[in-house]
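Visitor: I would like to learn how to read a structure like this one, feature by feature. Could you take me through it?

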Amino acid sequence: TTPIVIIAMVEPPGSMKSMLRLLLLLQAMVVGRAHNVDPSVASFLITGESRDTVSVSLPMRRAKCTFDYVAGQPVHEKKQVKEGSQIKVEDVVQRLSGQCASGQSGYWTYEVCIGGNIRQYHGADSYMLGRYNRVEGKILKFDNGLPCDPPSNPMERKVDVSLACSDNMGLQLISEPSTCVYTMTLLTPEVCADSSFPKLMSSPGGAGGPKSDDGHEDWILQVREMENGEVVCTAFSTEQKLAGSRLSFSSFSLKLDADEDGERKVANPTMKARAMGRVPLSSSEVSTERSMISHGKDFNGKLGYVEVAGTLSTAGGGAPEASASTGTAARGWFT
């Protein structure tokens, strides 16, 4: 409830009276805004070793969204490999799947998401250079990029990505040896135990340096109602479109609940989850029950976005009630 401020004063002359009225109006606006906390959105920090339960709600619809998680050590710190071991590139791809790294070369910034796409961008200009296809020897092959220069040169762009040992993830040695054919080197700690991979120094903040690799992530939990009456509950990392993170989750769950008095229930629930780089989690990596999604038996610890959606109906199965809200919220920033 916004407090009422009462000020007693002697009636001032005209100009001073107008100024005081303006000051009182500004004060009321500031006080009111300070007490207008939105219960449907929460921002929180997940560190490398943490666990917590975060909840948000839609009071007018009596809906509640709860995100529970346990975060463990960064991914590469959990992988203890003996020096001198021979590392399979396919295993590295599996462990890094969904993580992204970036580096700059001249005018362009390049971003590779393991198991996903490679893009080249500057400001609003962005070009997809290739989609992950296969491993050949120690090279990651990305094919089927955007056509080079149609119609004169309809050849699709492609990229060869080699691996090198480094303390942090990043991209270096980016080049275009021939038109629309690119090569670059992905820096990762995952290959450091194998001496057959070269060792390179990452350059924090510079070309090849990671954008976000400080052992924590900013996350947002949000519940919203769509124009069609559907209620959408989402939890996501704000760093999905950056270089990614090495955080590993031991467990997670996201649940959408109706009110506790039993008058409503969540009907027709839909659920999905993705790792960093917008890579969908497979059916064996998640578990679903009613209006809750959680980690599954094959969950590998990588998580960037999770969602539960459904309509609120009466306990007897009636149609959803009309909401007092007429907002036109988009599905989400990272859907």
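Visitor: What is the mean pLDDT of the protein?

Guide: The mean is 76, and 68% of the residues reach 70 or more. This is a predicted model, where local features need pLDDT of at least 70 and side-chain atom pairs count only at 80 or more, while totals for chains, interfaces and linings use all residues. Numbering runs from 1 along each chain as its sequence is written, and side-chain values use heavy atoms, leaving out hydrogens and water.

Visitor: Which residues touch the most other members of the largest nonpolar core?

Guide: In soluble globular proteins, nonpolar side chains tend to be buried together. A nonpolar core here is a set of buried Ala, Val, Leu, Ile, Met, Phe, Trp, Tyr and Cys residues joined through side-chain atoms within 4.5 Å; buried means under 20% relative accessible area, exposed over 50%, partly exposed in between (1.4 Å probe, protein chains only). The largest core has 35 residues, and Ile-46, Phe-67, Leu-221, Leu-254 and Leu-303 touch the most other members.

Visitor: How is a pair of aromatic rings described?

Guide: By the distance of the centres and the angle of the planes. Rings of Phe, Tyr and Trp (its six-membered ring) pair if their centres lie within 6.5 Å; planes under 30 degrees apart count as stacked, over 60 as edge-to-face and the rest as tilted. The whole structure has 12 such pairs. Phe-44 and Tyr-69 are stacked, 6.3 Å centre to centre with 20 degrees between the planes. Phe-44 is in β1 and Tyr-69 in β3, so their pair ties together parts 25 residues apart in sequence. Both residues are buried.

Visitor: Is Glu-190 buried or exposed?

Guide: Glu-190 is buried, at 5% relative accessible area. This residue lies in the loop between β13 (181–188) and β14, and its side chain makes a 2.7 Å polar contact with that of Arg-95. A polar contact is a pair of N or O atoms within 3.5 Å; within protein, one must be able to donate a hydrogen and the other to accept it, and residues adjacent in sequence count only if both atoms are side-chain atoms.

Definitions and conventions
pLDDT = per-residue confidence, 0-100. Helix = DSSP H or I, 4+ residues; strand = E, 2+ residues; numbered from the N terminus.
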